[in-house]
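Hi,

Here is the structure I promised to send over.

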Amino acid sequence: MNNADPTRTKPLASPPDGPVRSRGGTLTASQVSAWFGASKVLEGVDLEMGAGRVTALIGPSGCGKSTFLRILNRMHELVPSASLAGSVLLDGQDIYGTSLRVTQVRRRIGMVFQKPNPFPAMSIADNVAAGLKLTGTRAANRTELIEESLSRAGLWNEVKGRLRDPAGGLSGGQQQRLCIARSLTVRPDVLLMDEPCSALDPTSTRRIEETIGELREQVTIVIVTHNMQQAQRVSQRCAFFLAAENEPGRVVESGPTSTIFDSPRDARTSDYVHGRFG
Amino acid sequence: MIHAEPPPQTTLQALTAPPQYRPRTRRWSDVAEFLGAALASGALVWLVFERLLPYDVHVVGFGLCWYALFLLTYSLVVRDGHGRVVAADRIMAVLVGTGALAAFAPIVAVIGYVAYRGAKVVRPTFFTENLEVTGPLSAATEGGAVHSIIGTLEQLAIATVISVPLGVLTAVYLSEVRGRLTRPTRLVTDAMTALPSIVAGLFIYSLLILQFGWGFSGFAGSLALAVLMLPTVTIAAEQVLRVVPGGLREASLALGAPHWRTVLSVVLPTARAGLSTAVILGMARVVGETAPMLLTAFGTTTTNGNPLNGIQDDLPLFVYTQIRSSQNTQVQRAWAGALVLLALVLALFVLARLLGGSRPGGRRRASRRPAHARPKDRQPTKRADRS
Ligand SMILES: Nc1ncnc2c1ncn2[C@@H]1O[C@H](COP(=O)(O)OP(=O)(O)OP(=O)(O)O)[C@@H](O)[C@H]1O
Ligand SMILES: [Mg+2]
């Protein structure tokens, strides 16, 4: 069904030759605003999330980070009362335009959620390959793809002996990495992560941060996190969101992570990253 | 978590480890208070009714007075010893326990009585013979209900095949699609559960049998049953689909899956166990229907294996016709039929419990492991997600 874009399906059909070639798309959000019903929760967000980079979205609770992230792969519109303004471009193509179908957009821009959500009715292997089945993609080398995705998510060694077991039997950290593997199988250009480590222990968190570091070469990553150290460890660029009382959230400051943390222009950014509020 | 510790293995451990115990909530004095109050109130009621009153009191009256007096005595005793809060707690416990007994007793009584009456007559031939050559004066153990059992199984199967796809599709519409018709559909479905079964029978009778001239048949009966089964299956299936976590739908959509794929490959498989329960609940709902069958399948004493043609019997009709007889032997046979029907319903419910025992979609093996052996249950968020 994605025949319109042959380059997308081709690598799936042929065996992986050597390391996966560098890819990733650039996401450009301009003047994005969002509403739930009549209340505006996001206003005028301009942000470029470059290929091969990890962009961290930080900010206090309720300032619209998740909303912004969900706008980036058209999950926002699943909420019946939700609406938005502005545009989001993926490599210059408007993801809300008519040239891309919503399923295509979501396939190219994957998402990992805060709570690990493997499909309980499927085995570990089926979970990893779920994206193929769900998008109607036929892949001759399914087994290799499963191994490749699990390796990229740093889970292969832990589960290679129990691929047929139900996914619910994995630990929370393993489930989260399984979800990362699942989103990698469809070869997205961008991976959105909404607080992927907030339910995990320090070891699993470190493992996922390593995974992010390894994936950076291959996909663009946008990650929401409340953990300042994590943002510093994993991201190259950083955007600070803030919503004043009874006002929609805005991007106060964005730029290289080192600048945001070491020499921010705005006093509020400085206060936030040094834990003085929020 | 005191009892989660393994029992001491070596003598050294036994010496150093603290003794293992389970905290107890009930003390002997509590039991004594309960029994004492029961005895005292019983004795007082006996004294009044048997020794002081000049007339006899029915045993039910005796029991009720005893119960009322017991509540009073017990609350006074407990209040004296432990205060008002504890007294209120104990009285509530007694009342709630009484309620549970009251709900339990009729079921046990019905099942026990049917089993007692039916078991006297059921012989292996009951499952192989019909009533074709069995006259009113034959012994109760002669003849059998094989024609009714065949009819019940066929009619139930056809009704299930018709109503389950429709019911599940309706449930998918109600919980997954949510169009403009959702509210009216839910309203009509809810109202249909209250449809008197004789009306469903009348509908099939007047439309298909009178209007279209189909004649009585097991299939006509199945259609009436399907009408009755549809709302039950729909409502049960919708409940099951609703508890599928929304996160799974989002995960599927975020992979780029179309909506229909998400429903087919993620939502329905996750709810598989619950959906089978819904189906069996629907079957159990209609298997005992008599009234619509009188107007559609009509009933007979001969074996008719073809549900599409000719009158057919089933177990409720068997019971109905036999129990109306003036002959004691036939009445006895009715109880045997009732027992078989009851066994069928019980079997369906046991099946439903077994299938529904594993949580929605959870593989048996994963969900049977004790909670402390499952590492993922260490995080409370995940458990909330899966319940
Ligand atoms: N489905 C919804 N319906 C109505 N309002 C919503 C909905 N989802 C979010 N909001 C509102 O939108 C605002 C932004 O929410 P959002 O989830 O994007 O915050 P966030 O920055 O991700 O917060 P957190 O860090 O706590 O996850 C909040 O005020 C929230 O109440
Ligand atoms: Mg959020």
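**Cavities and the ligand site**

The residues lining the largest cavity are A:Met111, A:Val112, A:Phe113, A:Asn117, A:Cys179, A:Arg182, A:Ser183, B:Ala251, B:Ala254 and B:Leu255. Please keep in mind that this is a predicted model. The largest cavity has a volume of about 60 Å³, and its lining is made up of seven nonpolar, two polar and one charged residue. H7(A) contributes the most to this lining, with three residues. At least two residues each come from strand E6 (109-112) and helix H7 (172-185) of chain A and from helix H9 (246-254) of chain B.

In total there are two cavities of 30 Å³ or more. The second largest cavity has a volume of about 50 Å³. Its lining includes B:Thr152, B:Gln155, B:Leu225 and B:Asp314, and helix H5 (residues 146-177) of chain B provides the largest share, three residues. Six nonpolar, two polar and two charged residues form this lining.

Now to ligand 1. Among the residues around it are A:Phe36, A:Val41, A:Glu195 and A:His226. Helix H2 (residues 65-72) of chain A gives the largest share of this shell, three residues. An oxygen atom of ligand 1 lies 2.5 Å from a side-chain N or O atom of A:Thr67; for A:Ser66 the distance is 2.6 Å, and for A:Lys65 it is 2.8 Å. The protein covers 59% of the 630 Å² of accessible area that ligand 1 has on its own. By type, the shell around ligand 1 has four nonpolar, six polar and two charged residues.

Best wishes

Key. Residues numbered from 1 in each chain as written. Chains lettered and ligands numbered in written order. Predicted model: local features only at pLDDT ≥ 70, side-chain atom pairs only at ≥ 80, totals over all residues. Heavy atoms only, no water. Near = heavy atom within 4 Å. Polar contact = N/O pair within 3.5 Å; in protein donor to acceptor, adjacent residues only side chain to side chain. Areas by Shrake-Rupley, 256 points an atom, 1.4 Å probe, with all protein chains shown as cover. Helix = DSSP H or I, 4+ residues; strand = E, 2+ residues; numbered from the N terminus. Nonpolar A, V, L, I, M, F, W, Y, C, P; charged D, E, K, R; others polar. 1 Å grid on protein atoms, 1.4 Å probe; cavity = no way out; pocket = protein on both sides within 12 Å on 5 of 7 lines; lining within 4 Å. Points joined across faces, edges and corners; volume = space filled by probe spheres on them.
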